[in-house]
Structures are given as C-alpha cells and as structure tokens.
Amino acid sequence: MTIEIYDRIKDSEKLVLPGTRLAVTEEFIGGFGTYSEDNYVYSSVTGIVVIDLERHEISVLSKPKAAVIPKINDIVLGTVVNVSRQMTTVSVSYVNNRLIYPSYTMVIHISQLSKEYLDTADDAVCISDIVRAKVIDAKTIPLQGSLIGSQLGVVLASCSICGSSSDKIGRNKIKCSECSNIGQRKTTIDYGSGNLAFKT
Ligand SMILES: [Zn+2]
C-alpha cells in the first residue's frame with residue numbers, strides 16, 4: 001500500500017504506523033522510534049510524532065502517557081484478534097488517539113459491524129486488521145463496540161492469504177499489494193491514508 005508522506009505542518013501529534021515516511025534525512029535526524037533508509041526517515045513503531053525543531057530531530061513515541069479508562073462514545077483503535085460468525089474481538093490499544101497500557105478487550109457484534117446485512121462477521125473484518133471503533137457500552141467486560149459510521153471500520157487490512165497490506169479498490173473492497181488477492185472489508189472513508197487518528 002502507499003502511505004502518504006507525513007505532513008508535519010498539518011499533522012503534528014499525528015498517530016503514524018510503522019513504515020510511514022516522516023521526513024527527508026537532509027532536513028531531519030531520526031530519533032527514537034524511527035529508522036533511515038534511502039534518504040528518508042521512517043517510523044519504526046506505531047505512535048505519535050514528536051518534532052524537535054532546534055535539533056532537527058523527528059521521533060515517534062509509542063509510550064503510553066497515562067492510564068485511560070474507556071468511556072461510552074470514545075473512539076478507539078485496535079487489532080482484530082478473533083472473528084467468529086457473530087462476534088469480532090478487538091484488542092484496543094488507543095483510546096481517543098492516546099496509547100493505553102494495558103490494552104482493553106472489545107467485542108463487536110455482527111449487527112454493529114455494518115449497516116448492511118452480513119452473513120458472517122468475516123464479510124467485514126479479518127484477524128490482524130486494524131480497526132477504528134466507537135465504544136457503545138463501557139460498563140461491560142469486555143467493552144462493546146461498533147464500526148457503524150463513515151470514519152469507523154477497518155483502517156488497515158492485512159491480506160488473508162499472504163499477510164501483506166492491501167489497497168482499497170472499491171467502497172468495501174480491498175486488493176493485496178503483493179498477491180492481488182481481493183477481500184471484502186467494512187473500511188473507513190480514509191482507509192489507506194496512513195492516518196490512524198480520529199479527527200473530530
Ligand atoms: Zn496477499
């Protein structure tokens with residue numbers, strides 16, 4: 001997949017994925033959480049970009065800042081760890097764009113995966129996808145979530161055959177960048193932008 005170049009003017013404190021191109025090495029030294037290759041600095045972790053303009057250093061911080069307890073209507077980011085016919089389980093690691101530790105477990109019922117009818121949950125999500133979800137019940141353990149809404153859904157999908165990242169080729173269709181396998185996902189409107197943070 002193509003991840004757009006990180007825009008440091010517009011997107012300070014933006015969440016980035018491993019492999020996001022952050023800067024050119026002529027301009028910035030790569031700090032924590034980065035690596036340099038072919039004159040570019042890339043993120044090596046998922047985290048928040050921090051720029052030190054005096055030192056010309058760009059870093060990515062993946063450390064959680066404080067304990068966060070998810071509440072109803074919070075927007076979370078997590079990895080799909082299990083998909084059954086009716087239920088999807090997500091390991092939540094970001095709440096309202098902040099990294100949390102330890103992670104929370106969220107379940108999403110098939111009726112909350114999409115407004116459209118689905119035969120099974122894997123018509124919308126697959127294991128190891130990264131999803132942006134909304135908390136619809138925080139009193140239960142695990143949390144209950146929803147992917148209904150244009151900004152909610154899969155933000156990054158792995159190919160179910162080879163595990164490579166996939167590009168969006170239609171509203172809810174993705175194609176593997178390596179093996180061309182086509183899959184179906186409930187994608188977010190900004191799928192593939194490399195931007196994981198939720199913009200309000
Ligand atoms: Zn593939």
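Modeller: Two strands count as paired if DSSP finds at least two bridges between them. The elements themselves are DSSP runs, numbered from the N terminus: helices are H or I over at least four residues, strands are E over at least two. The model you see is predicted: local features need pLDDT of at least 70, side-chain atom pairs count only at pLDDT 80 or more, and totals for chains, interfaces and linings use all residues. Residues are numbered from 1 along each chain as its sequence is written, and side-chain values use heavy atoms, with hydrogens and water left out.

Biologist: How many helices and strands are in the protein chain? And which residue in strand 7 stands opposite Ile-29?

Modeller: The protein chain has 0 helices and 16 strands. Opposite Ile-29 stands Glu-57 of strand 7. Strand 3 and strand 7 (residues 57–61) run parallel and are joined by 2 bridges. Both belong to an open sheet of 4 strands, ordered 1-6-7-3, with mixed pairing. Strand 1 and strand 3 (29–30) are the edge strands, each pairing on one side only.

Biologist: What pLDDT does the protein chain average?

Modeller: pLDDT is the predictor's confidence in each residue, from 0 to 100. The protein chain averages 86, and 89% of the residues score at least 70. Strand 1 (residues 15–16) has the lowest confidence, at a mean of 80, and strand 12 (residues 143–146) the highest, at 97. Over residues 1–5 the pLDDT is below 50; this stretch has 14 contacts in the model beyond near neighbours in sequence, a contact being heavy atoms within 4.5 Å. Where pLDDT is low, the predicted coordinates should not be read in detail.

Biologist: Which residues are the protein donors of the zinc ion?

Modeller: Donors are N, O and S atoms within 2.8 Å of the metal (3.2 Å for Na, K and Ca); water is not among the atoms, so sites may look incomplete. Here the zinc ion has Cys-159, Cys-162, Cys-176 and Cys-179 as protein donors, each through SG, lying 2.3 Å from it. Their spacing in sequence is C-x2-C-x13-C-x2-C. Cys-159 lies in the loop between strand 13 (153–156) and strand 14 (166–170), and Cys-176 lies in strand 15 (residues 173–176), so this pair, 17 residues apart, links distant parts of the chain.

Biologist: Why is the arrangement around the zinc ion called tetrahedral?

Modeller: Four donors count as tetrahedral if all angles lie between 85 and 135 degrees; four count as square planar and six as octahedral if opposite donors are over 155 degrees apart and all others between 65 and 115; anything else is irregular. The 4 donor atoms around the zinc ion subtend angles of 99 to 122°, which makes the arrangement tetrahedral.

Biologist: With cysteines in view, what does the disulfide count come to?

Modeller: A disulfide is a covalent bond between the sulfur atoms of two cysteines. The rule used is a pair of cysteine sulfur atoms within 2.5 Å. By this rule the count is 0 disulfides.

Biologist: Is Cys-162 buried or exposed, or partly exposed?

Modeller: Buried means under 20% relative accessible area, exposed over 50%, and partly exposed in between (1.4 Å probe, protein chains only). Cys-162 is partly exposed because its relative accessibility is 37%. Cys-159, at 6%, counts as buried, and Cys-176 is buried at 4%. Across the protein chain, buried residues make up 43% of the 200 residues.
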